[in-house]
Amino acid sequence: MTKILKTPKIALGTWAWGDNGQTGNGYFGSTMTQTDLQEVVDNAIDNGLTLWDTAAVYGMGHSEAVLGKLLATHSRSEYQLSTKFTPQIASTSTTPVADMLEDSLDRLGTDYIDLYWIHNPADVAKWTPQLIPLLQAGKIKHVGVSNHNIDEIKQANEILNEAGFRVEAVQNHYSLLYRSSEQAGILEYCRENGIQFFAYMVLEQGALTGKYNPENPLPAGSDRAAIYNPILPELATLTAELGKIGNSQGATAAEVATAWAIAKGTTPIIGITKPEYIDSEMRALKITLSDKQIETLEQLADAAQVDTRGGWEHPM
Ligand SMILES: NC(=O)c1ccc[n+]([C@@H]2O[C@H](COP(=O)([O-])OP(=O)(O)OC[C@H]3O[C@@H](n4cnc5c(N)ncnc54)[C@H](OP(=O)(O)O)[C@@H]3O)[C@@H](O)[C@H]2O)c1
């Protein structure tokens, strides 16, 4: 049996790194240079933020390729890799999961993945069993399921249990604005069953950082701008409160939103695009939120009455 999954309190997401070539301007519209990203990687590892989340589908391999190149200056024992099998781009071969994994290993420049995910629950009975030979071969050390509802998580777990393995992690959209995994009992199920819950889009792709508002919207022409710019006015009261709580602890709204996810017992995966965000994540780790502050933030989030479910997500 594999060792227990052990990770830093914050994981770093690299979806944006696969964003249309070297400089972004696609889904996220962020400008990133290789130099900036090298600084991100080096600072993160120096600070103990060593878990990198990517997926074969992010930029159709580009995120993994960029990440692999930047990590090449570090020894493999210094960091952990989290990447995903995405059913929608599976090959028609007899071993599509193994094939996609091999391509990821190549791009990431490694011979194993610490945490491998089924990206979404297209067909649990079909895809989950294909993880078993990869676990047995040691090519993947731990497995998780992403965007699965509670019945699908249980089904995947039963399939893995039969071979002596288990679902060790769940990765779902979870933010102040989108708490469906909590409402559906997934957080509780994970807590009770020793499954680590990874929260993605904790910052709602920038909309909860307090940096963006109707006067300073998300980058024009990007996909995230089309989704979030129309709801920025509704988010103003919530981001102001995040900022106010942050001010009292020398922190920003983004850091408070991250601290909220940690306080809820999850491991946030924060999409990292700038070197200074590493210091920011380190500050987030030091924030303490009272029950009253958490309640106030959740009430303001509910009052915003926005639905930020991603186009690829099913209701939980
Ligand atoms: N399993 C799935 O289906 C799934 C789906 C979505 C995401 N994910 C994973 O989760 C990760 C996170 O999601 P995400 O990147 O979409 O969204 P996110 O983490 O909610 O937001 C990331 C954006 O917030 C801004 N930001 C990040 N850190 C900040 C800080 N400390 N202070 C101020 N602003 C900050 C950056 O925008 P600017 O560049 O504009 O500053 C960044 O692009 C992804 O990279 C991916 O690894 C998984």
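Which residue stands opposite Trp52 in strand 3? Trp52 stands opposite Leu81.

This report concerns a predicted model, in which local features need pLDDT of at least 70 and side-chain atom pairs count only at pLDDT 80 or more, whereas totals for chains, interfaces and linings use all residues. Residues are numbered from 1 along each chain as its sequence is written, and side-chain values use heavy atoms, with hydrogens and water left out.

**Strands**

Helices (H or I, at least four residues) and strands (E, at least two) are DSSP runs, numbered from the N terminus. Two strands pair if DSSP finds at least two bridges between them. Strand 2 (residues 51-53) and strand 3 run parallel and are joined by three bridges. Strand 3 covers residues 80-85, and because five of its six residues are buried, it is largely enclosed by the rest of the structure. Buried here means under 20% relative accessible area, exposed over 50% and partly exposed in between, with a 1.4 Å probe and protein chains only.

Strand 7 (residues 196-200) has five of five residues buried, so it too is largely enclosed by the rest of the structure. In a regular strand the side chains alternate between the two faces of the sheet. Gln196, Phe198 and Tyr200 point one way from strand 7, while Phe197 and Ala199 point the other way. Strand 7 pairs in the parallel sense with strand 6 (residues 169-173) over five bridges, and three bridges join strand 7 to strand 8, again in parallel. Phe198 is the bridge partner of Gln171 and also stands opposite Thr267 in strand 8.

**Pocket and cavities**

On a 1 Å grid over the protein atoms alone, a cavity is a set of points where a 1.4 Å probe fits but cannot get out; a pocket is an open set with protein on both sides within 12 Å along at least five of seven lines, and lining residues have an atom within 4 Å of a point. Grid points are joined across faces, edges and corners, and a volume is the space filled by probe spheres set on the points.

The largest pocket holds about 840 Å³ of space. Its lining comprises 44 residues, of which Phe28, Gln205, Gly206, Ile270 and Gly271 lie nearest the centre. Helix 11 (253-263), strand 8 (267-271) and helix 12 (276-284) are the elements that give two or more residues to this lining; helix 12 gives the most, with five. By class, the lining has 16 nonpolar, 18 polar and ten charged residues. Nonpolar covers Ala, Val, Leu, Ile, Met, Phe, Trp, Tyr, Cys and Pro, charged covers Asp, Glu, Lys and Arg, and the others, Gly among them, are polar.

There are two cavities of 30 Å³ or more. The second largest cavity has about 30 Å³ of space, and its lining includes Asn147, Asn172, His173 and Glu313. Strand 6 and helix 7 (180-183) each supply at least two residues of that lining.

**Ligand and polar contacts**

| Side chain | Ligand atom | Distance |
|---|---|---|
| Tyr58 | nitrogen | 3.4 Å |
| Tyr212 | oxygen | 2.4 Å |
| Ser280 | nitrogen | 2.8 Å |

Within the protein, a polar contact of 2.8 Å joins the side chains of Thr110 and Arg76. Thr110 lies in the loop between helix 3 (96-108) and strand 4 (113-118) and is buried, with a relative accessible area of 13%.

Methods. Polar contact = N/O pair within 3.5 Å; in protein donor to acceptor, adjacent residues only side chain to side chain.
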